[in-house]
Amino acid sequence: MRIAAAVLAGSLPLLAGGCVSLLHSTQPLQQEYVLTAPLPSSAAESAPGTAAAATLQVLPLLAGAGLGTDGIAVMRPGQRLDYYSGARWAAPAPAMLQTLAIQALRGQGRFALIEPDGGPFDAHYVLNLELTHFEADYAGAGPPTVRVALVCTLGRRATRRVVATFTASSAVTADADRMQAVVAAFERATGAALAQLAAQLVPPAEAAPAAPAAVSP
């Protein structure tokens, strides 16, 4: 994972109210942050011996309250939801996470095809992801702790029968209470959660056909 951010974003301290201090300006300058995920280096090792046959469709993410926007969410004491002023994601969080999840899963090579919803091909399985945490938590003293959590449910497309469900989550404390450090913590926490998703999501082995009955001479 790596972060591409606008210039000056890392040099501005975060105030107690989540606002970025700007000199000689009555309005904060909006900085946009993008999370990107390169293919895992272990992709070639993930499918030894046999070629993947199953196909997967990743559905649009369901987002918890306040997490479905492009605002960079902040959780303050007393369960007060806030957003950093003058900073936002380049796309709504669910859309970013859907793209990153697809990239991470493609890197594992366990499915012959992985596509987003609305893709042109039929899929054997569907993956439902619920984003329950994607915020910087200021519950304690010092820099915030970024929490990322995904409830992952794999099901058969034809029957909508659940095959597996699990949670992929991570918590990373920012190195400093500055925007660049907070976004870097989002990067590490998101990467760790997606690594768990990719490691645990395995297409179920299909039942082998029954052996033919022996024929008496």
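1. In this predicted model, the crossing of helix α1 and helix α2 is right-handed. Helix α1 covers residues 93–108 and helix α2 covers residues 179–200; the two pack with their axes 9 Å apart, at an angle of about 50°. Angles of 65 to 115 degrees count as roughly perpendicular and those under 35 degrees as roughly parallel, and α1 and α2 are therefore oblique to each other.

2. The contact between these helices can be described residue by residue. From α1, the residues Leu97, Leu100, Ala101, Ala104, Leu105 and Gln108 take part, and they meet Thr190, Leu194, Leu197 and Ala198 of α2. Sorted by class, this contact comprises 8 nonpolar and 2 polar residues, with no charged residues.

3. Attention may now turn to the strands. Strand β8 (residues 125–137) runs parallel to strand β3 (residues 55–58), and 3 bridges join them. Gln57 has Val126 in β8 as its bridge partner.

4. Strand β4, residues 62–63, is also parallel to β8, to which 2 bridges join it. Here Leu62 stands opposite Glu130 of β8.

5. A further parallel pairing, over 3 bridges, links β8 with strand β5 (residues 71–76). Within this pairing, Val74 stands opposite Ala136 in β8.

6. How do β8 and strand β9 pair, in the parallel or the antiparallel sense? Their pairing is antiparallel and extends over 12 bridges, with β9 formed by residues 145–156. Asp137 has Thr145 in β9 as its bridge partner.

Notes:
Residues numbered from 1 in each chain as written. Predicted model: local features only at pLDDT ≥ 70, side-chain atom pairs only at ≥ 80, totals over all residues. Heavy atoms only, no water. Pairing = 2+ DSSP bridges. Helix = DSSP H or I, 4+ residues; strand = E, 2+ residues; numbered from the N terminus. Axes fitted to C-alpha atoms, helices over the stretch in contact; angles between N-to-C directions. Parallel < 35°, antiparallel > 145°, perpendicular 65-115°, else oblique. Left-handed = near helix turned anticlockwise from the far one by under 90°. Contact = heavy atoms within 4.5 Å. Nonpolar A, V, L, I, M, F, W, Y, C, P; charged D, E, K, R; others polar.
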